[in-house]
Amino acid sequence: SLSGYAEIFAPDGTSIGKSAEITLKAGESVILPARVRVDEAVDGMFRMKFFENGEQIIERDAPIKVKDQIQVKFAPVMKTVDEIDSITVNLTNVYDRDLSGQLNVTPRCNWTLASKTQNFSVKKGETVSLTYQVSSKEQEPFNFYTFDIEVINDEGDVVYNKYLPIDFTII
């Protein structure tokens with residue numbers, strides 16, 4: 001029998017996840033759930049290494065598909081910059097279970113929001129909209145306004161972290 005853990009390595013050799021301790025008897029197989037941390041959804045060949053007593057004993061390539069848990073978009077703005085008093089972020093759950101956590105929206109431009117953080121809960125396959133009140137704003141060249149968007153689930157894991165521009169709909 002084997003006792004140890006499996007570790008998953010990205011194609012660049014970076015460790016991205018580790019399983020719990022397992023024990024396998026001869027002829028047994030097991031599906032190993034493991035939390036992995038990658039920058040974005042990706043398909044590809046990853047390296048699985050099995051360790052027993054701290055020493056690597058097996059190494060294999062494994063196809064792994066990592067998918068996003070949530071899609072994030074700004075709702076289109078139907079106002080001029082001078083008229084904007086709020087912005088809305090749409091969260092769509094593309095994961096296989098309900099998600100809840102915290103959405104942080106931080107302006108990169110010279111804007112101030114009344115609050116940068118809101119809690120959310122979104123069922124599998126559904127979309128929720130969270131509106132943030134704009135306290136102050138300044139006109140930017142080319143009307144390009146970007147915001148850092150961070151989604152943290154209830155377990156404390158960052159499941160989305162990118163910057164997005166506001167989507168102006170031309171009137």
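1. A strand, in the sense used here, is a DSSP run of E with at least two residues, numbered from the N terminus. Please keep in mind as you read that the model is predicted.

2. Let's stay with Q69 for a moment. Is Q69 buried or exposed? Buried means under 20% relative accessible area, and Q69 counts as buried because its relative accessibility is 16%. Leaving aside neighbours within four places in sequence, its contacts are T92, N93, V94, Y95, L99, N153 and V159.

3. Now step back to the whole chain. How many helices and strands are there? The secondary structure comes to 0 helices and 14 strands. The C-alpha trace spans about 70 × 30 × 25 Å along its principal axes. The radius of gyration is 21 Å, whereas a compact globule of 171 residues would have one near 16 Å. Buried residues make up 33% of the 171 residues.

4. Have a look at the open sheet next. Its 4 strands come in the order β7-β8-β12-β10, with antiparallel pairing. β7 and β10 (112-113) stand at the edges with a single partner strand each, so one side of each is left without a neighbour in the sheet. Between β7 and β8 there are 5 bridges, and F74 stands opposite V89 in β8. Between β8 and β12 there are 7 bridges, and here T88 stands opposite T131 in β12.

5. Which residues of β7 make up its covered face, and which its uncovered one? I70, V72 and F74 are on the covered face, while Q71 and K73 are on the uncovered one. As background, side chains in a regular strand alternate between the two faces of the sheet.

6. The largest nonpolar core has 27 residues. I87, L103, W111 and F147 are those with the most contacts inside this core. Several strands each supply at least two of its residues, including β7 (70-74), β8 (86-93), β9 (99-107) and β13 (146-153).

7. Charged pairs deserve a point of their own, and the count comes to 4 salt bridges. The side chains of R47 and E59 meet in one of them, at 2.7 Å from N to O. R47 lies in strand β5 (residues 42-52) and E59 in strand β6, so this pair ties together parts that are 12 residues apart in sequence. Both are partly exposed, R47 with a relative accessible area of 29% and E59 with 31%.

8. Another salt bridge joins D148 and R108, whose closest N and O atoms are 2.9 Å apart. D148 lies in strand β13 and R108 in the loop between β9 and β10, so the pair ties together parts that are 40 residues apart in sequence. D148 counts as partly exposed at 27% relative accessibility, and R108 is partly exposed as well, with a relative accessible area of 46%. Elsewhere, salt bridges that share partners join R47, E59 and D61 into one network.

9. One more pair to find on screen: D85 forms a salt bridge with K79, with 3.3 Å between the closest N and O atoms. D85 is partly exposed, with a relative accessible area of 40%, and K79 is partly exposed with 37%.

Technical notes
Residues are numbered from 1 along each chain as its sequence is written. This is a predicted model: local features need pLDDT of at least 70, side-chain atom pairs count only at pLDDT 80 or more; totals for chains, interfaces and linings use all residues. Side-chain values use heavy atoms; hydrogens and water are left out. A nonpolar core is a set of buried Ala, Val, Leu, Ile, Met, Phe, Trp, Tyr and Cys residues joined through side-chain atoms within 4.5 Å. Buried means under 20% relative accessible area, exposed over 50%, partly exposed in between (1.4 Å probe, protein chains only). Two strands pair if DSSP finds at least two bridges between them. Contact means heavy atoms within 4.5 Å. The radius of gyration is taken over C-alpha atoms; the globule rule is 2.2 Å times the number of residues to the power 0.38.
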